[in-house]
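Let's take a friendly look at how the parts of a protein chain sit against each other. Have the structure open as you read.

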Amino acid sequence: MSRIGKLPINLPAGVSVTVNKDNSVTVKGPKGELTQQIDVDIKVSVEENTVVLERPSEQKRHKAMHGLYRSLMNNMVFGVAEGYKLQQELVGVGFRATSNGQILELALGYSHLIHMEIAPEVNVTAVTEKRANPIITLESCDKQLIGQVAAKIRSFRKPEPYKGKGVKFVGEQLRRKAGKSAGK
């Protein structure tokens with residue numbers, strides 16, 4: 001029994017959902033527009049201010065897709081209504097970040113700078129204050145895309161467990177290890 005799939009999705013003011021014949025769902029809102037292809041077995045119906053997804057049978061495959069597509073649609077509705085925001089912190093001596101439009105320039109302790117072009121759907125800002133670690137802020141209406149971009153930035157220098165140096169999410173608790181202990 002899919003408990004998530006059975007829940008209706010409430011549409012906030014200013015958000016509209018349209019379903020095409022090929023089961024392609026488009027969600028429009030103040031923050032943007034997103035499209036998702038839904039499996040043909042899952043039926044999407046839009047009433048006044050709610051969207052309901054129904055599955056044809058109790059097969060394991062249909063149950064799994066029921067909850068999956070309901071979650072994806074809910075993320076789309078939330079994204080176009082309010083948007084998603086991720087913040088990453090650069091922890092380390094000499095680590096810097098600057099953004100010029102959609103180009104993010106990172107200095108992460110390597111012999112060269114890293115230049116990364118960010119997708120146009122994602123807004124990026126880099127803030128460096130005195131006596132504080134640089135913070136990269138990503139904003140978008142697409143939860144999957146913003147997560148991919150954040151994971152790519154993090155992959156340039158993952159936080160290490162001894163001093164915690166690297167790219168981490170703001171508020172993330174890192175698992176720390178003890179260093180070498182003195183010999184006997």
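## Two domains in one chain

In this predicted model, the domain assignment divides the chain into domain 1, residues 4–82, and domain 2, residues 84–169. The centres of the two domains, taken over C-alpha atoms, lie 32 Å apart.

## Where they touch

How many residues of each domain are in contact with the other? On the domain 1 side there are 7, and they meet 4 residues of domain 2.

The size of an interface is often given as the accessible area lost when the parts come together. Here, about 490 Å² is buried between domain 1 and domain 2, and carbon and sulfur atoms give 61% of that area. Within domain 1, the residues that lose the most area to domain 2 are Leu34, Asn75 and Gly79. Together these three make up 63% of what the domain 1 side buries.

## What kind of contacts?

Now for the polar side of the story. The rule for salt bridges finds 0 across the interface of domain 1 and domain 2. For polar contacts, 1 residue pair is found across this interface, with both residues at pLDDT 80 or more.

## A closer look at domain 1

Which elements give two or more residues to the side of domain 1 that touches domain 2? They are strand S4 (32–37) and helix H2 (60–81). H2 supplies the largest share, with 4 residues.

Sorted by class, the side of domain 1 that touches domain 2 has 3 nonpolar residues, 3 polar residues and 1 charged residue.

Definitions and conventions: Residues numbered from 1 in each chain as written. Predicted model: local features only at pLDDT ≥ 70, side-chain atom pairs only at ≥ 80, totals over all residues. Heavy atoms only, no water. Domains from an automatic or database assignment. Contact = heavy atoms within 4.5 Å. Buried area = accessible area lost by both parts, 1.4 Å probe. Salt bridge = Lys/Arg side-chain N within 4 Å of Asp/Glu carboxyl O. Polar contact = N/O pair within 3.5 Å; in protein donor to acceptor, adjacent residues only side chain to side chain. Nonpolar A, V, L, I, M, F, W, Y, C, P; charged D, E, K, R; others polar.
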